[in-house]
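Here is a short note to read beside the structure. Please keep the model open and find each residue as it comes up.

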Amino acid sequence: MWLDTLNEKHYRAAYDMAMANEPYSSDLSFEQFTGMMKKREGYVVVAPDGNLVGCVSFSDYIPEVNAIIHCVVDKKYQKRWVTKKMLKTVWGYVFDTLHLPRISGFCVKGLSENAGKFLVRLGFKEEGIIRKGFKSGNELYDLMLFGMLKEECKWV
């Protein structure tokens with residue numbers, strides 16, 4: 001598997017993957033997803049057969065302060081898609097290229113706690129709860145906030 005720079009040719013596969021893995025996002029149209037992705041930078045993980053395995057993107061970039069990481073992985077590849085080389089590339093981009101002192105991530109409490117466990121395995125620390133910070137359908141959910149400081153990152 002290898003990393004490729006995220007671009008428009010990846011949006012459909014990333015959208016389909018997100019809808020399959022995050023059903024609480026099903027009210028998000030492909031056009032809305034594309035609009036969000038055009039504001040992001042990041043990487044896709046590509047399998048040897050050319051299919052998209054995962055997507056790591058960054059939003060809400062504040063120069064020299066913070067950005068938010070977003071990850072989605074095809075269910076077939078969960079727990080077996082990340083390599084040390086990929087992690088060094090991603091974190092090198094965040095901490096060395098963008099010169100960020102920290103990176104943030106979120107998961108939806110009650111809906112995507114596996115994302116939080118994944119962030120913790122990468123080295124993030126849980127920092128708090130944003131109460132009723134996410135809406136899906138007519139329901140409001142709490143967001144769990146995670147953060148990693150550059151000096152805590154074992155990949156750079």
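1. Start with one term. A residue is buried when its relative accessible area is under 20%, exposed when that area is over 50%, and partly exposed in between. Asp16 has a relative accessible area of 40%, so Asp16 is partly exposed. Bear in mind that this is a predicted model.

2. Stay with Asp16. Its side chain meets that of Arg12 in a salt bridge, at 3.5 Å from N to O. Asp16 and Arg12 are four residues apart in helix H1, so about one helical turn separates them. In general, an α-helix has 3.6 residues a turn, so residues three or four places apart point the same way. Arg12 is partly exposed, at 41% relative accessibility.

3. Arg12 has another neighbour to look at. It lies over the face of Phe30, at 3.8 Å from the ring centre. Phe30 in turn belongs to one aromatic cluster with Tyr15 and Phe33.

4. Now the aromatic pairs. How many aromatic pairs are there? The count is six. In one of them, the ring centres of Tyr15 and Phe33 are 5.3 Å apart. Their planes stand at 65°, over the 60 degrees that the label requires, so this pair is edge-to-face. Tyr15 lies in helix H1 (residues 11–21) and Phe33 in helix H2 (residues 30–37), so the pair ties together parts that are 18 residues apart in sequence. Tyr15 is buried, at 12% relative accessibility. Phe33 is buried too, at 7%.

5. Compare Phe58 and Tyr93. This aromatic pair is tilted, with 5.8 Å from centre to centre and 40° between the planes. Phe58 sits in strand E3 (residues 52–62) and Tyr93 in helix H3 (residues 84–97). The two are 35 residues apart, and the pair links distant parts of the chain. Phe58 is buried, with a relative accessible area of 7%. Tyr93 also counts as buried, at 13%.

6. Back to charges. Side chains of opposite charge can pair when their charged atoms come close. The whole structure holds four salt bridges. One of them joins Asp96 and Lys150, at 3.5 Å from N to O. Asp96 lies in helix H3 and Lys150 in the segment after strand E7 (139–149), so the pair ties together parts that are 54 residues apart in sequence. Both ends are partly exposed: Asp96 at 41% and Lys150 at 33%.

7. Another salt bridge joins the side chains of Lys9 and Asp4, at 4.0 Å from N to O. Is Lys9 buried or exposed? Lys9 counts as exposed, at 64% relative accessibility. Asp4 is partly exposed, with a relative accessible area of 26%.

8. Finish with helix H4 (residues 113–122). Its buried residues are Gly116, Phe118, Leu119 and Leu122. Seen down the axis of H4, they fall within an arc of 160°, so they line one face of the helix. On the other side of H4, the exposed residues include Asn114, Lys117 and Arg121. What covers the buried residues? The cover includes strand E4 (66–73), H3, strand E5 (102–108) and E7. After H4 comes Gly123, with a positive phi near 120°.

Methods. Residues are numbered from 1 along each chain as its sequence is written. This is a predicted model: local features need pLDDT of at least 70, side-chain atom pairs count only at pLDDT 80 or more; totals for chains, interfaces and linings use all residues. Side-chain values use heavy atoms; hydrogens and water are left out. Rings of Phe, Tyr and Trp (its six-membered ring) pair if their centres lie within 6.5 Å; planes under 30 degrees apart count as stacked, over 60 as edge-to-face and the rest as tilted. Buried means under 20% relative accessible area, exposed over 50%, partly exposed in between (1.4 Å probe, protein chains only). A charge sits over a ring if NZ of Lys or CZ of Arg is within 6 Å of the ring centre and within 35 degrees of the ring normal. The arc is that of the directions from the helix axis to the C-beta atoms. Contact means heavy atoms within 4.5 Å.
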